[in-house]
Amino acid sequence: MPASPGGCAVTAGRPVAPARSGRDRQRRLVVGVAVLLAAALTALTALLASRGWTPFGFERSADAWSASHRPAPARTVAAAITSLGSGAVPYLLALAAGAVAVRALPPPRAPRRAVLLLAAPLLWLLAGQAVRLGLMQAFARPRPARPEWATAASGYSYPSGHSFTSAVCAGLLAMAVVRARPAAAAGRAVVAAAALFAALVGLSRVYLGVHWPLDVLGGWLLGCIWLAVGSAVLPRVPGTGPPPVARGSGEAPRA
């Protein structure tokens, strides 16, 4: 393998070491973000556990406000939004993330690689659901009083399952789009749409009276942690990632 003038290994005219260095920086950033999010979730969980999982005053106030501000049209809209965080929709979004990754594969597409890319986001979401359900059972935080509910709910309250699920499925789709087209403006738009989707689903749970606000925050934190870990372990489309840069030049090599 020949070396470039800057001392980097070159394959077909493209330096290898800087690309690897870029991926290493991305992994370190992801690990750092995951650690910070895990610390925040741990602190939040410890705080709630120290109070015996009883709600804070502002959580009771949010629940009371929601119960007294639910006209029929608003309740219908909130119920429609909250339904997007369960059922088939999240799993279809995860499959869409896999389809985006498969479509970005350069030809010829190896069948085994294509199947792996298609299934990986769905399997990661399912694995996350198992983790989330285990945590809910372990923490066993009660939900708000049933008379305040404006939609059906089951199980314990913390962390919010809808908030977790919406954050993960939308995040997986956004991650797939960004990986497939890292320089496209569409990637930024999808990330913003994913954040809005998760925010609306989570807030709808509080508005409908089936979760305390900190349940939703816990679900978002857990979902972001699961996404951060997933970005490091899920398969990547070959050829995606940061563009190679010649050492010492600060610019991508010319074709």
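Below are some questions about these labels, with their answers.

This is a predicted model, where local features need pLDDT of at least 70 and side-chain atom pairs count only at pLDDT 80 or more, while totals for chains, interfaces and linings use all residues. Residues are numbered from 1 along each chain as its sequence is written, and side-chain values use heavy atoms, with hydrogens and water left out.

Q: Why is Leu118 called partly exposed?
A: Buried means under 20% relative accessible area and exposed over 50%, with partly exposed in between (1.4 Å probe, protein chains only). Leu118 has 35% relative accessibility, so it counts as partly exposed.

Q: How many of the 255 residues count as buried?
A: By that cut-off, 40% of the 255 residues of the protein are buried.

Q: What makes H5 a helix, and where does it run?
A: Helices are DSSP runs (H or I) of at least four residues, strands are runs (E) of at least two, and both are numbered from the N terminus. H5 covers residues 111-139 and holds Leu118. In total, the protein has eight helices and two strands.

Q: Which helix gives the largest share of the lining of the second largest pocket?
A: That is H5, with five residues. Helix H4 (89-103), H5 and helix H6 (161-180) each supply at least two lining residues.
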